Amino acid sequence: LGRGMYTVCKELESRVAANMVAGNISSAMSNFIPITQALGECKVTDLTKAMYQTMQNHAQNDGFINDSVFLTNRKGSDRLSKTTLEKVSDKLTVPFQMVDDFVSSTIVRAKYLGNIDKGMTHEEAMANADSYAASLMADRSKGAVPLVFERKNPVTKLFTMYQLEQNNQFRYLLKDLPKSLKDETVAQIMIKIMEMCIAAWCFNEINEGIFGRRSALDPIDMMFEGYKTLSDDKMKASEKATTIATSVAEEVPFIGGLLGGGRIPISSAIPDMESTMKLIFDHDELSEEQRNDYLVNDVIKPLSYVVAPFGAGQAWKTAEGVKAVIDGGVYKPTKDGKELRYSVDQNITNLFQGAIAGKSSFKEAREYYDNKYYNLSSKQLSSAYEAEKYGMDVDEFL
């Protein structure tokens, strides 16, 4: 349709990106994931020393970055002229950039240290470390990104946005890592892979405890969850198969982000079609609270990623997290009133956590989803409030 439409699509992509990443602390934390992968070829001692050197470099530049083509390209360049909104948006992406700078420098340094120990010269060690980091983290320099990720077609973007790292991770695990370890024994290769899996599981445990999401590819957790699903006598065979298939599909590049998986799921910026159809065709059958809930959470919220200039993702997280603490729980509107999904303790710790990481970050939320708890109906909720008068809190009632 011409340059006009190309410009519109390019602006649309930039707007969605600014709303999903700018100010979003949990998105920034996902940049730590490559360190778990680096255990496949780097020693723990080298990674630890590299982290220390990276932190020292912030205090006093040691010139390492200038010798690294990968890190120089990673830093990139900045535009001389920016609008006020662009300047504010850039400020909000500082945490994201800081984590990326730390992780990329750590990985290049760790590989470089290992190469020097093997007897390589400075130039050989640096060139190899640059090549390794590019294969591990995905090189975003000009000409290095596969062309499909550069396409502005909005349909293509649904499948490729925030999938470069996800795709690169599979490529590294299935092609680059086996090639690098071809001279190792099977036992040594298995140990390396197990170290990476354990590191990914540890990262997800910490990340889930703070932000309520398991962002890293985590084979150990997938096996645990698969076993739990297969052992659940209350589930039908079709439900078990669907649950396991969905869990696996969420980690697959290009489709995982649409299903809510991956490091930064694009699904949060897409209106929910089922809820939208209910609003249109079943409008009279819904209560006013239900209509408002569908309208806000499933239509307005996704559209805000396109309309707002930046930071919509974190703004929604903060609003929902704080509201959950003020309300003492997360509720779902029904025709007869409202149901309680899970209660939330009203304390300063939860208020801070909710403001940073949203309503899904609370331990009560994880227990609710992990154990597949049922919602507390309006009638049961009334009984719970009645029980509170006699000293029994909602958790005890549940």
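The model is predicted, and local features need pLDDT of at least 70, side-chain atom pairs count only at pLDDT 80 or more, and totals for chains, interfaces and linings use all residues. Residues are numbered from 1 along each chain as its sequence is written, and side-chain values use heavy atoms, with hydrogens and water left out.

**Stop 1: the nonpolar core**

Select F70, V103, I107, V108, Y132 and L136. Among the 30 residues of the largest nonpolar core, these touch the most other members. A nonpolar core here is a set of buried Ala, Val, Leu, Ile, Met, Phe, Trp, Tyr and Cys residues joined through side-chain atoms within 4.5 Å. Buried means under 20% relative accessible area, exposed means over 50%, and partly exposed is in between (1.4 Å probe, protein chains only).

Next, colour the elements that give two or more residues to this core: α3 (33-38), α4 (44-59), α6 (69-75), α8 (94-117), α9 (122-137), α12 and α13. Helix α9 supplies the largest share, eight residues. Helices (H or I, at least four residues) and strands (E, at least two) are DSSP runs, numbered from the N terminus.

**Stop 2: two residues with positive phi**

Move to A138, in the loop between α9 and α10 (147-150). Its phi is near 80 degrees, a positive value in a residue other than glycine. A138 is buried, at 2% relative accessible area.

Then select Y162, in the loop between α11 and α12. Y162 is not a glycine either, yet has a positive phi of about 60 degrees. With a relative accessible area of 19%, Y162 counts as buried.

**Stop 3**

Show K10, which lies in helix α1 (residues 3-21). K10 is partly exposed, at 44% relative accessibility.

E13 lies in helix α1 and K152 in the loop between α10 and α11, so the pair ties together parts that are 139 residues apart in sequence. Both E13 and K152 are buried. A salt bridge is a side-chain nitrogen of Lys or Arg within 4 Å of a carboxyl oxygen of Asp or Glu. A search of the whole structure finds 16 of them.

**Stop 4: a salt-bridge network**

Select E205, E208, R214, D218 and D221, which are linked in a network of salt bridges. Centre the view on R214. Its bridge to E208 has the closest N and O atoms 2.8 Å apart, and its bridge to D218 has them 2.9 Å apart. E208 and R214 are both buried, R214 with a relative accessible area of 18%. D218 is buried as well, at 3%.

**Stop 5: the nonpolar surface patch**

Switch to a surface view and select V155, L158, F159, V248, V252, I255, L259 and I270. Together these make a nonpolar surface patch of about 600 Å². Patches are made of residues with over 30% relative accessible area and no salt bridge, with like charges joined within 9 Å and nonpolar side chains (Val, Leu, Ile, Met, Phe, Trp, Tyr) within 5 Å. Accessible areas come from the Shrake-Rupley method with a 1.4 Å probe, and for residues only the protein chains shown count as cover.

Helix α11 (residues 154-160) gives the largest share of the patch, three residues. V155 has its place in this helix and is exposed, at 52% relative accessible area.

**Stop 6: the positive patch**

Select R171, K175, K179 and K182, which gather in a patch of positive charge on the surface. Lys and Arg count as positive and Asp and Glu as negative; His and the chain ends are not counted. The place of a charge is taken as NZ of Lys, CZ of Arg, CG of Asp or CD of Glu. K182 lies in the loop between α12 (164-180) and α13 (186-211), and it is exposed at 61% relative accessibility.

**Stop 7: the negative patch**

Finish with D345, E367, D370, E388, D393, D395 and E396, which form a negative surface patch. The elements giving two or more residues to the negative patch are α20 (363-370) and α22 (394-397). D393 lies in the loop between α21 (378-388) and α22. With a relative accessible area of 37%, D393 is partly exposed.
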